[in-house]
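Hi,

Here is the structure I promised to pass on. Have a look at it first, and my notes follow below.

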Amino acid sequence: MRRRDREVTEIGEICAILDACKTCYVGMVDGVEPYVVPLSYGYTMENGVLTLYFHSAVEGRKMDIWKRERAVCFTVGMEGALRAAPSPCGYGYAYSSVMGRGMVEFIEDTAGKCRALEILFRHQTGEAAAFTAQQAETVCVYKIVCRDFTAKRMR
């Protein structure tokens, strides 16, 4: 990280950023072309390991890409406000973000899919919900286990 003065290292602060955001932008490479998709997510943070959970249809461009290459990067970001300055070059924008990389892992077992969907639902709505095996089997559920992530903030 180039700007160490903006680095966020406290896990509680990183979780606060993740809690405030609802969309994760996941980037991948389709041949030689970059491809980024916005996805709703849920997460867990255990022993400094961030796991992001997602669901989507079982087919589509990202699924086709992940059949060939599961390496991804991601960004979760929260906008703040414009920071004015006397000179145009001094302007800036307040923000908080978490960025990382990892490998997409598909969750195949029904119990694991239900748990991931419950985590995702709780993050998105603030409410608890139970998912049935039938509901879990209608979607693709996957995760990114990330040990390589950074967080940054400009106030």
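Predicted model: local features only at pLDDT ≥ 70, side-chain atom pairs only at ≥ 80, totals over all residues.

Residues are numbered from 1 along each chain as its sequence is written, and side-chain values use heavy atoms, with hydrogens and water left out.

**Overall layout**

The chain has four helices and eight strands. Helices (H or I, at least four residues) and strands (E, at least two) are DSSP runs, numbered from the N terminus. Read from the N terminus, the order is β-α-β-β-β-β-α-β-β-α-α-β. Along the principal axes, the C-alpha atoms fill a box of roughly 60 × 40 × 25 Å.

Of the 155 residues in the chain, 39% are buried. Buried here means under 20% relative accessible area, exposed means over 50%, and partly exposed is in between (1.4 Å probe, protein chains only). The chain's accessible surface comes to about 9000 Å², and carbon and sulfur atoms account for 52% of that. Those areas come from the Shrake-Rupley method with a 1.4 Å probe; for residues, only the protein chains shown count as cover.

On contacts (heavy atoms within 4.5 Å): taking those between residues at least 6 apart in sequence, 70% join residues at least 24 apart.

For charges, Lys and Arg count as positive and Asp and Glu as negative, with His and the chain ends not counted. Each charge is placed at NZ of Lys, CZ of Arg, CG of Asp or CD of Glu. The chain has 20 positive and 19 negative charges, and their mean positions are 6 Å apart.

**The cores**

A nonpolar core is a set of buried Ala, Val, Leu, Ile, Met, Phe, Trp, Tyr and Cys residues joined through side-chain atoms within 4.5 Å. The largest one has 31 residues, and Val26, Leu50 and Phe74 have the most contacts inside it. Strand E8 (residues 140–154) gives the largest share of this core, six residues. Apart from it lies another core, of nine residues, including Ile107, Ala116, Ile119 and Val139.

What does Leu50 touch, leaving aside neighbours within four places in sequence? Its partners include Leu18, Tyr43, Phe74 and Val98, and also Ile144, Val145, Cys146 and Phe149.

**Back to Ser56**

Ser56 counts as buried because its relative accessibility is 11%. Its side chain makes a polar contact with the side chain of Tyr142, at 2.9 Å. A polar contact is a pair of N or O atoms within 3.5 Å; within protein, one must be able to donate a hydrogen and the other to accept it, and residues adjacent in sequence count only if both atoms are side-chain atoms. Beyond its neighbours within four places in sequence, Ser56 is in contact with Lys62, Met63, Val139, Cys140 and Tyr142.

**Helix H3**

Lys113 is in helix H3 (residues 110–125). Is Lys113 buried or exposed? Lys113 counts as buried, because its relative accessibility is 6%. The side chain of Lys113 reaches the backbone oxygen of Val139 at 2.9 Å. Leaving out residues up to four places away in sequence, Lys113 touches Ile107, Glu108, Ala136, Glu137, Val139 and Val141.

Leu120 is also placed in helix H3, and at 7% relative accessibility Leu120 counts as buried. With residues up to four places away set aside, Leu120 touches Ser40, Tyr41, Gly42, Tyr53, Phe54 and His55. Leu120 and Lys22 are 98 residues apart in sequence but 9.7 Å apart in space, C-alpha to C-alpha.

Asn47 lies in the loop between strand E4 (42–46) and E5, and counts as exposed at 83% relative accessibility. Phi of Asn47 is near 55°, a positive value in a residue other than glycine. For context, most residues other than glycine have a negative phi.

Ala84 is in the loop between strand E6 (71–83) and strand E7 (92–106), and is exposed, with a relative accessible area of 62%. Ala84 and Ile107 are 23 residues apart in sequence and 46 Å apart in space, C-alpha to C-alpha.

Lys152, in strand E8, is partly exposed, with a relative accessible area of 23%.

Cheers
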